[in-house]
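Please look over the sequence and the 3D structure shown here before reading the report.

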Amino acid sequence: MRQPLSRRAAVGAAVLALTAVPVATDAAADAPRPAAPRSVAAELPPPDMRAVQEVLRQAVEQGAPGGLTRVDSDGVVYGTAVGLGDTAAGERMRIGNRFRVGSVTKTFSTVVLMQLVAEGRVDLDAPVGDHLPGLLPDGRVTVRHLLRHRSGLWDYTNDMFARTVPGFEAVRDEVFTMEELVKRSVAHGPTAEPGAAYQYSNTNFVVVGMIIEKVTGNPAAEEYRKRIIEPLDLRHTHYVHPGTTVPGRHSRGYLRPDEAGQPLVDSTEQTVSWGQTAGAMISNAADLNRFTSALLGGELLAPEQLAEMLATTPSDSTGKRFYGLGLRRYDLSCVSVYGHTGTVQGYYTYAFTTRDGSRSVASSANTSNNGTVNTTLGGTLEAAFCGTDRAAAVDRTPKTLREDIAPNVRTR
Ligand code: HEL
């Protein structure tokens with residue numbers, strides 16, 4: 001558990017160093033070489049996988065059937081999984097399981113959109129109406145407002161999921177057009193002036209998906225595949241909308257009903273049509289770490305577009321949580337990390353990486369509508385990035401999750 005899953009990369013590096021010992025042939029070869037810059041991961045304490053496992057055990061005590069965390073740190077892989085991935089079959093949670101990642105999808109959508117910006121096909125500060133005339137009543141809403149959650153567009157999921165299980169059952173087999181989802185938001189009216197306030201809303205990233213499809217003439221699924229999934233060889237990452245099943249070996253997801261004492265509802269199969277480009281992606285921890293690491297490592301975007309994504313403003317009053325463009329920043333005790341969180345019925349996800357992508361951490365628990373579990377799962381970040389066992393002392397008292405979730409969606 002405390003050992004790396006694989007030291008192949010580290011061993012490979014050692015072999016390379018031995019076989020590549022330079023032989024001095026002239027004065028130039030003797031000249032001192034500038035030291036290679038150390039990665040952020042190299043400056044951090046090693047991940048405390050004992051503390052990570054303790055956090056996951058607490059999540060299970062608090063109601064998650066299972067949980068997993070994978071850490072990729074400078075080519076060394078650590079991982080731990082606890083509890084069950086499938087309660088009916090009694091199958092244990094496995095580190096390679098796929099799961100629904102919810103709003104981590106927003107980061108994938110942003111990468112596609114920022115590539116279109118780099119290609120000169122989308123202007124961040126142009127009105128949405130330039131691409132989608134008449135969709136939004138307020139012509140002042142720009143593409144950047146969407147990506148920063150500052151459009152003032154009402155989050156239609158507030159109404160949809162006011163009652164958790166009935167809300168879910170009403171949409172689990174539904175197939176919505178993106179226009180239908182946006183209409184639900186527009187019918188409610190705006191929540192603020194464009195640009196005025198950070199207000200998390202799924203509507204923003206449905207509109208982002210519509211822009212992607214309009215500008216490219218392709219389904220969003222195709223753009224994810226061409227621009228991210230294939231170049232990074234993400235073999236466990238899928239956008240199957242409106243398909244309902246999770247391909248390959250996966251964790252089953254279990255939604256907690258609002259009523260105390262009621263059994264968890266197996267919510268694995270659903271269209272996630274209510275979420276689409278705001279939340280319908282499926283992945284696993286290895287692929288999420290590869291994705292966040294590649295993004296911050298500059299493999300997916302030019303420096304200018306990456307810098308735009310990283311320009312953050314506070315997303316709550318803690319002074320430790322920020323939002324850029326489709327990207328969160330969390331300030332941990334030892335380092336700032338970048339990525340996203342996700343909540344979709346039956347699954348909580350955290351996927352974060354250091355500024356240089358050298359240490360990435362992905363955690364998943366297979367339950368939702370249980371804010372205590374979600375907060376606990378977040379403790380895997382401190383343990384894995386900062387190596388502290390502080391996370392092991394997570395407060396076990398149930399509490400309300402302080403989350404920038406849209407106001408009417410309770411997370412308990
Ligand atoms: S909510 C969040 C998270 N984001 C947003 C998005 C996502 N997920 C959703 O909008 C799903 C909301 C309903 C989830 C459901 C449950 O817990 O499964 N809850 C209820 O139905 C409550 N009545 C901001 C938390 C994010 O971390 O970014 O993912």
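The report below takes up a disulfide and then a serine in a predicted model.

## The disulfide

A search of the whole structure turns up 1 disulfide, and this link joins Cys334 to Cys386, with a distance from S to S of 2.0 Å. The angle about the S-S bond is -85 degrees, and the link of Cys334 and Cys386 is left-handed.

## Accessibility of the two cysteines

Cys334 has a relative accessibility of 35% and therefore counts as partly exposed, since that class covers values between the 20% limit for buried and the 50% limit for exposed. Cys386, with a relative accessibility of 4%, counts as buried.

Ser368 is part of strand E14, which covers residues 367-368. The relative accessibility of Ser368 is 2%, and because of this value the residue counts as buried.

Which residues does Ser368 touch, when those up to four places away in sequence are not counted? They are Tyr254, Leu255 and Arg256, together with Thr343, Val344, Gln345, Gly346, Tyr347 and Tyr348.

Conventions. Residues numbered from 1 in each chain as written. Predicted model: local features only at pLDDT ≥ 70, side-chain atom pairs only at ≥ 80, totals over all residues. Heavy atoms only, no water. Disulfide = S-S within 2.5 Å. Buried < 20%, exposed > 50% of the residue type's maximum accessible area, 1.4 Å probe, protein only. Helix = DSSP H or I, 4+ residues; strand = E, 2+ residues; numbered from the N terminus. Contact = heavy atoms within 4.5 Å.
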